[in-house]
Amino acid sequence: MPSTIGKETFQRLALFYLIGCFEKGVFSSFRLQKVLYYATRDVDPKPFTFHHTSWGQYSREAANQLLIMLESQVVKREKLAGEYSGALWQAGDDLNNNEIRVAFEKGFPDLAKSIAESVCEWGYLKQRVLDERVHADEVLAKVSVGCELFEGWQQDSVQMELDEDTAEDYAMLMSSHFISMMNILPDLKKAHGELPAEWTPL
C-alpha cells in the first residue's frame with residue numbers, strides 16, 4: 001500500500017542510494033552532482049532542483065543535504081590528493097546499506113533504475129572526459145549561467161510504494177536528529193549508567 005515520506009527524507013534516500021551504487025564510493029563532488037543530474041532529469045518525482053553554473057549542472061539542495069548527512073554520519077567524506085583533488089563520498093558505516101537500497105528500489109522503482117543507469121553511463125568516466133561531456137550538453141548551450149535547468153519536488157511529502165511502517169522506519173534512519181542521538185547514546189550511558197526509556201530516540 002502506498003504511503004508518504006517527507007521531502008528531505010526522500011532527498012537523503014536518493015543521495016544515499018546513488019552513493020551506494022558505486023562500488024567504492026563516488027570520487028569527487030563534481031562527479032556526484034553530474035551523475036545525480038542525469039539520473040533525475042527525466043524521471044518524476046525529481047528530488048532536487050538543478051541550475052546551470054560555471055561548473056555545469058549543480059544542485060545547491062543536494063549539496064546542503066550531503067552536508068547534513070555528513071554531519072550525522074549517514075555518509076562519510078574522505079579528502080583526496082592527486083591530479084584531480086576532491087572528495088570520496090561513501091555510505092556511513094552504521095547503516096544497513098543493502099537494506100536501505102532494497103527499500104528504495106521498492107519505494108521509488110523508476111528513480112532507482114534511472115540512478116543505476118546514470119551511474120553506469122557517467123559514474124566511471126575519466127574526470128577529463130566527464131568534464132568535457134557535461135559541458136558539451138546541448139541543454140546548457142540553450143540557457144545562461146544561473147538559469148534553472150529543472151525544478152525538484154516542491155511539496156513537503158512525496159508518495160512512495162512502501163507501507164507506512166517501513167516508510168517511518170526509513171524516515172527515522174535518515175533523520176539527522178535520530179542519528180545524532182544514536183551517536184551520543186554510548187557517551188550518555190557511560191556518564192549516567194542505563195538511561196531511562198524516555199531518553200532513548202526509539
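Predicted model: local features only at pLDDT ≥ 70, side-chain atom pairs only at ≥ 80, totals over all residues.
Local features require pLDDT of at least 70 and side-chain atom pairs pLDDT 80 or more, whereas totals for chains, interfaces and linings use all residues. Residues are numbered from 1 along each chain as its sequence is written, and side-chain values use heavy atoms, without hydrogens and water.

**View A. Strand pairing at E6.** Strand E6 (residues 86-91) pairs in the antiparallel sense with strand E5 (residues 75-80) over six bridges and with strand E2 (residues 26-27) over two bridges. Pairing requires at least two DSSP bridges between two strands; strands (E, at least two residues) and helices (H or I, at least four) are DSSP runs numbered from the N terminus. Arg77 stands opposite Trp89, and Phe27 has Leu88 as its bridge partner.

**View B. Salt bridge between Glu61 and Lys7.** The side chains form a salt bridge at 3.7 Å, N to O (a side-chain nitrogen of Lys or Arg within 4 Å of a carboxyl oxygen of Asp or Glu). Because Glu61 lies in helix H3 (residues 60-71) and Lys7 in helix H1 (residues 7-21), the pair ties together parts 54 residues apart in sequence. Glu61 is partly exposed at 24% relative accessible area, while Lys7 is buried at 17% (buried, under 20%; exposed, over 50%; partly exposed, in between; 1.4 Å probe, protein chains only).

View C. The closest N and O atoms of Glu8 and Arg12 are 3.1 Å apart. Both residues lie in H1, four residues apart, about one turn of the helix. Arg12 is buried at 6% relative accessibility.
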